[in-house]
Amino acid sequence: FSGADIENMVNEAALLAAKRNKEAVDQNCFDEAKDRVMMGPERRSLAISEEDKRVTAYHEAGHALLRHVIPENDPNYKSTIIPRGRALGVSMALPIQERRNFSKRYLLANIATALGGRVAEELIFGELTTGAQNDFEQATEMARKMVTQWGMSELGPLSFGKREEQIFLGKELAHHKDYSEKTAIEIDEAIRGIVMECYNKARHLLETYLDGLKKLADGLLERETLVAEEIEEILGPRPEISPI
């Protein structure tokens, strides 16, 4: 959290304690306030059909399972099918340390995990829904940065697209195309290659751990929310990450 996030969390926790007529702001208030800041406020009044609940349960289970079985990922924090903000369900990771430098393996693990919700829907229902829109945006943006900013593709250690601040427009960042049309096509192909490689990895892993996926989804449908300990109880211990 940034300082502003911490301030927001403490304010939310104080409001929750006041609403519940508590003498002090306790750990339960802070836990719920943290979830509000990280995932948005709960919307329990939202009417959701049983079919949508089941699709959401498998979608979030797909994210949670891949976050668990791919060792380069940050561990699970919580997975829920209670609507929060604009989402029908949310799965969140909780990094075990501050990161200032991201490895290629870590980024690929994040892209695969982002695609896990759509893959789970395909495997179980054989149908596509609109629920993965934000996941696709995150995966594509990460792959684009890998190609155009971080030199993590077959195009080599190059940076594409000069970035300049427009100081008279509130320091809005402008991107200038400093490469040819042929290179633009190669960039698009490289981005698609990364995303599809991660998509295929996600599908392979979810097919391999299909039984665990179903158990996670059943747990979400029964309890609505699973915390890290409950996810690990269902799937077993996380695999160890191999050193670089």
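Student: Is strand S1 (residues 76-80) mostly covered or mostly open, and how many of its residues are buried?

Tutor: In this predicted model, S1 is mostly covered, as five of its five residues are buried. A residue counts as buried when its relative accessible area is under 20%.

Student: How should I think about the side chains along a strand?

Tutor: In a regular strand, side chains alternate between the two faces of the sheet.

Student: Which strands are joined to S1, and how do they run?

Tutor: One partner is strand S2 (residues 90-93), which is joined to S1 by four bridges and runs antiparallel to S1. Within this pairing, Thr80 stands opposite Val90 of S2. Another partner is strand S5 (residues 225-227), also antiparallel to S1, with three bridges between the two. There, Lys78 has Val227 as its bridge partner.

Student: With which residue does Arg20 form a salt bridge, and what does the pair tie together?

Tutor: The partner of Arg20 is Glu32, and their closest N and O atoms are 2.5 Å apart. Arg20 lies in the loop between H1 and helix H2 (27-39), whereas Glu32 belongs to helix H2, so the pair ties together parts that are twelve residues apart in sequence. Arg20 is partly exposed, at 36% relative accessibility, and Glu32 is partly exposed as well, at 26%.

Student: Are Arg100 and Glu98, which also meet in a salt bridge, buried or exposed?

Tutor: The N to O distance in this pair is 3.3 Å. Arg100 counts as exposed because its relative accessibility is 70%, and Glu98 counts as exposed at 63%.

Student: What may be said of Glu230 and Arg223?

Tutor: Their side chains meet in a salt bridge, with 3.3 Å from N to O. Glu230 is partly exposed at 23% relative accessibility, and Arg223 is partly exposed at 41%.

Student: Which residues form a nonpolar patch on the surface?

Tutor: The patch consists of Phe1, Ile6 and Val10, which together have about 260 Å² of accessible area. Val10 belongs to helix H1 (residues 3-19). With a relative accessible area of 36%, Val10 is partly exposed, and a residue must have over 30% to be part of a patch.

Definitions and conventions: Residues are numbered from 1 along each chain as its sequence is written. This is a predicted model: local features need pLDDT of at least 70, side-chain atom pairs count only at pLDDT 80 or more; totals for chains, interfaces and linings use all residues. Side-chain values use heavy atoms; hydrogens and water are left out. Patches are made of residues with over 30% relative accessible area and no salt bridge: like charges are joined within 9 Å, nonpolar side chains (Val, Leu, Ile, Met, Phe, Trp, Tyr) within 5 Å. Accessible areas come from the Shrake-Rupley method with a 1.4 Å probe; for residues, only the protein chains shown count as cover. A salt bridge is a side-chain nitrogen of Lys or Arg within 4 Å of a carboxyl oxygen of Asp or Glu. Buried means under 20% relative accessible area, exposed over 50%, partly exposed in between (1.4 Å probe, protein chains only). Two strands pair if DSSP finds at least two bridges between them.
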